[in-house]
Amino acid sequence: MNLKDYYQNTPALIITHDYFDTKNAKTAHGVILYSEIFDVVGIVDGKFAGSRACDVVPFIKKDIPIYSSVKEALNNVNAKVLILGVAPPGGKLPTDWLDEIKTAINAGLDIISGLHVFLSDIPEIAELAKAKGVKIIDLRKPPSDLNIGLQRVRKTDAKVVLCMGTDCVVGKRSAATLLWKLARQKGINAGFVATGQTGLMIGCDAGAVIDRIPSDFVAGQVEKMVLKVFNKGKNPIFVEGQGALLHPSYSGVTLSLLHGADPQAVILVHDPQRKYRAGFDTELPMPDWRDERELIEKLSRAKVVALCVWGKENKALIKDSDIPVFDLTNQNEAEKLLELLINYLEEK
């Protein structure tokens, strides 16, 4: 699915109740910062009602009002879409959100969800949406025309950069989006393949939420999307990574994505302050980033050309790296990374 077919500069509300200042609100943060198809006019989060987005999450730097409920928001702003802006482990629907979703539907708003729970399968939601003539878009519903991967990408001149990471929620999608946007600003006809719900909401050249696709077909779907973008005349192609190869919960998706994208270059995003994997009650120790790099290069034709972090304080923590390290919050360093990638790909 490509949301660009339905929306363009569309005013949207994002609901994050109690999560807006957490990593679980990464979907909300990504849409606010990077979306090319939605204009976020309000955030619904009872915990922070009355505040502004930039006051709660400083790196957002946008003066978007936060409301206590969908009803209050719609009394103050005009919106056409309600986006479910959280990505909790397991992708479950917070139980107290149903009434908020119904309020939005009754007001004529489309609903966009990236959760594993399909709103369109909840009878009371589906029936109300049908009666009100609004769309329920469950981004995690897999495509119907699935194929297996057959290394078709390497039979073309596609130049692929896969943005991988050492854990979940380390900024893989943000890195891919940043590089894609920066390349286009410099006149490069770059493409972006989204593999998660937030990437689809940002506005991609091709995308699917791959963690809901049957495992045999994940590589084939990624391969198909890369080829679709390449056939549009876009090169290089930045692909959003998922999970991590050494992650005990999500490595299957990560490996299939690596095979399907078949990149020549990988950037590895890392949080050096993280001792345990994010989002779990159980303490799962983080491995050394070098172990992740070694595995990537053993399992693919790709070279990990750079290690990326978010923030100068994190860059200062990286010691004795034998590959370049870039702080992606620094515009100059992001431009140097893009230059490094373009030069590397020209040699391939």
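How many aromatic pairs does a search of the whole structure find? I looked, and the search finds four; rings of Phe, Tyr and Trp (its six-membered ring) pair if their centres lie within 6.5 Å, with planes under 30 degrees apart called stacked, over 60 edge-to-face and the rest tilted.

A note on my source: this is a predicted model, where local features need pLDDT of at least 70 and side-chain atom pairs count only at pLDDT 80 or more, while totals for chains, interfaces and linings use all residues. Residues are numbered from 1 along each chain as its sequence is written, and side-chain values use heavy atoms, leaving out hydrogens and water.

**Entry: the tyrosines**

I began with Tyr6 and Tyr7, a tilted pair at 6.2 Å centre to centre and 45° between the planes. Tyr7 also makes a tilted pair with Phe38, at 5.2 Å and 45°. This second pair links distant parts of the chain, 31 residues apart: Tyr7 lies in the segment before β1 and Phe38 in strand β2 (strands are DSSP runs of E, at least two residues, and helices are runs of H or I, at least four, numbered from the N terminus). I noted that Tyr7 and Phe38 are both buried, meaning under 20% relative accessible area, with exposed over 50% and partly exposed in between (1.4 Å probe, protein chains only). Tyr6 is partly exposed at 45%.

**Entry: the sheet**

Next I followed seven strands in an open sheet with parallel pairing, ordered β9-β8-β10-β7-β11-β12-β13; two strands pair if DSSP finds at least two bridges between them. β9 and β13 stand at the edges with a single partner strand each, so one side of each has no neighbour in the sheet. I found that two bridges join β8 to β9, and that Ala194 has Gly207 in β9 as its bridge partner.
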